[in-house]
Amino acid sequence: MAHCGRRKVELIDCGPLKALLSISSLVAAGLWSAILSANAQVNVTQFHNHASRDGLYVDSAFTPGAAANLTRDLNFDGTIVGDVYAQPLYIDNGPGGRPTISAVTESNNVYALDAVNGSIIWQRNVGPPVPADDLNCSKFDPMGITGTPIIDLASRALFLDAMTTPDGGPTKKHYIISLNVDTGAINPGWPVDVEATASYNGITFTAAIQQQRPALGIVGNILYVGYGSMMDCSLYHGWLVGVPINNPASVTAWAASANGGAIWSTSGVASDGTNPFVGTGNTFSTGGIWSGGEAVIRFQPGPIFSGSTSDYWAPTNWTTLDSGDQDVGSCGPLLVDVPGATPSSLVVALGKDGNAYLLNRSNLGGITAPIAQAQESFSYIFGGPATYRTAQGTYVAFRDSSSVSKTFRITATNPPTIVSGWSVSQNGCGSPFVTSTDGTNNMIVWFVGTEGDQRLHGYNGDTGAVVYAGGGQNELMCRAGRDTNADTNCYAYCDSNCHIYANLYSDCHAHCDLNSNGDSYIFSYSNSNYDPNTNSDSHAYSHSDGYTQANAHCASPRNAETTAHPAAAPGCGVIEDQSSEVER
């Protein structure tokens, strides 16, 4: 099957802004309101920048006026091979002291890219990916590295999961791998063969039927990796696997006791710094006995599930959600603090049933009504929500549908409640991220038109008024017609120059081949006022994730000549196709 192998990360430069924190695709949470100094070193080492998965980035120079002037930097270009679904990561002091982007692909290629010009510092293939024809069900062809990796700066290691086949297809393996961020070499003691090491209460891990889509997390020196299914096929289980960074031979695992219960949200493992949190999907043939599905679960280090009602929450209608494939875990847990509320430490869950739920983070409550619940969408909610706080209150921003960006506010009351906020219509809608000059003021909520105009859009955090309308012809992330069959992600992330990197990842499965070489591209956007001599050395990156089902039409094939002039290359446009069966 032909597919669009080329991927673009486009960089937008908003001028001489300093220490801009990464802009992540907000799914899980927590507000961060620290003000960075102009020379602060900033690293984006994991999905949504923080373990809480908050997606809020603070920079004193990132004003609405500066944000309104984003234009594409045509001097930034990077070419990589393979479909990309994981968020790129960033370290300020990479190989040789160079600011470095880490990117991974479904072809099992891992790249360290120069963050200034997109050139390859090092690259490594970690094994042959698995062709779709050798999997029972798959939306990816091939399947390799899907979930967002994580970087441990102390050990200078990049951790990832790769699905690979040693014999061309019949044998499938999930390997958890640790690479040296400076050289790309595999670190001693790694990789971990998950099927050979993971079991729970008599349940064994079967690599051939499990998909590793969630972002990886590190909590207390333990690496956590979540697994779900391939389009709900086969007798899979939701898995959370824990591997001590300093002792990879010692593996601990948990699995949903019933079939199903996938951990599949792109945001993956969230944490409050002590415990990992995950969200799970629907289960099958439970006999009415809750078995780990349709839930938010907090684990003790390991992972160890206590079974206590304080450590999990499932809605009272979980069996109905099961039968309707209405996963509570479609967005992953978002950890949010709301000063003045009782309780103030919350978990926000957003489900495919369109509901928003507030949970008490210190006592999740078991199978019970949440603290608050509101129908905030009449479409599936998935991807990554964002959270931020202004003088008007604490907000959550999320993708309501393929054409609506929306917010709600959490009240500082006893108990907190959910109040609908602003919503805006746009041509396509991915997941949001947020920027602020000080953690409270000049909040800008960003969405990417992942299923429509393929442009970055910025809105006033309190009112939804347009701050950035997508730019001109050069700022178009993807070009051409519409209508075949694809799955699309958009990412945007920033550095202190300030560059916003936006990545449209489209996997066209039927009618096209954008590049017979299967190349991916990293593109760059800049502001004409940018003066590199006025900028600090600190960098930060983030992304806005538009992980939604989409149809796309791929235009004429690109050739080698277009790589040096990406603005002239055709691309993919997308429209929505929200088939829940392919959500996992």
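Buried means under 20% relative accessible area, exposed over 50%, and partly exposed in between (1.4 Å probe, protein chains only). The model is predicted: local features need pLDDT of at least 70, side-chain atom pairs count only at pLDDT 80 or more, and totals for chains, interfaces and linings use all residues. Residues are numbered from 1 along each chain as its sequence is written, and side-chain values use heavy atoms, with hydrogens and water left out.

**View 1. The largest nonpolar core holds 22 residues.** Such a core is a set of buried Ala, Val, Leu, Ile, Met, Phe, Trp, Tyr and Cys residues joined through side-chain atoms within 4.5 Å. Phe159, Ile176, Leu223, Tyr227, Trp239 and Val241 touch the most other members. Apart from it lies another core, of 18 residues, including Val336 and Phe398.

**View 2. Arg156 and Asp182 form a salt bridge.** The term requires a side-chain nitrogen of Lys or Arg within 4 Å of a carboxyl oxygen of Asp or Glu. Here the closest N and O atoms are 2.8 Å apart. Arg156 is partly exposed at 23% relative accessibility; Asp182 is partly exposed at 28%.

**View 3. Lys173 and Asp193 meet in a salt bridge.** The N to O distance is 2.9 Å. Asp193 counts as buried, at 15% relative accessibility.

**View 4. Lys352 and Asp325 pair in a salt bridge.** Their closest N and O atoms lie 3.6 Å apart. Lys352 is buried at 1% relative accessibility. Asp325 is buried too, with a relative accessible area of 10%. A search of the whole structure finds 7 salt bridges.
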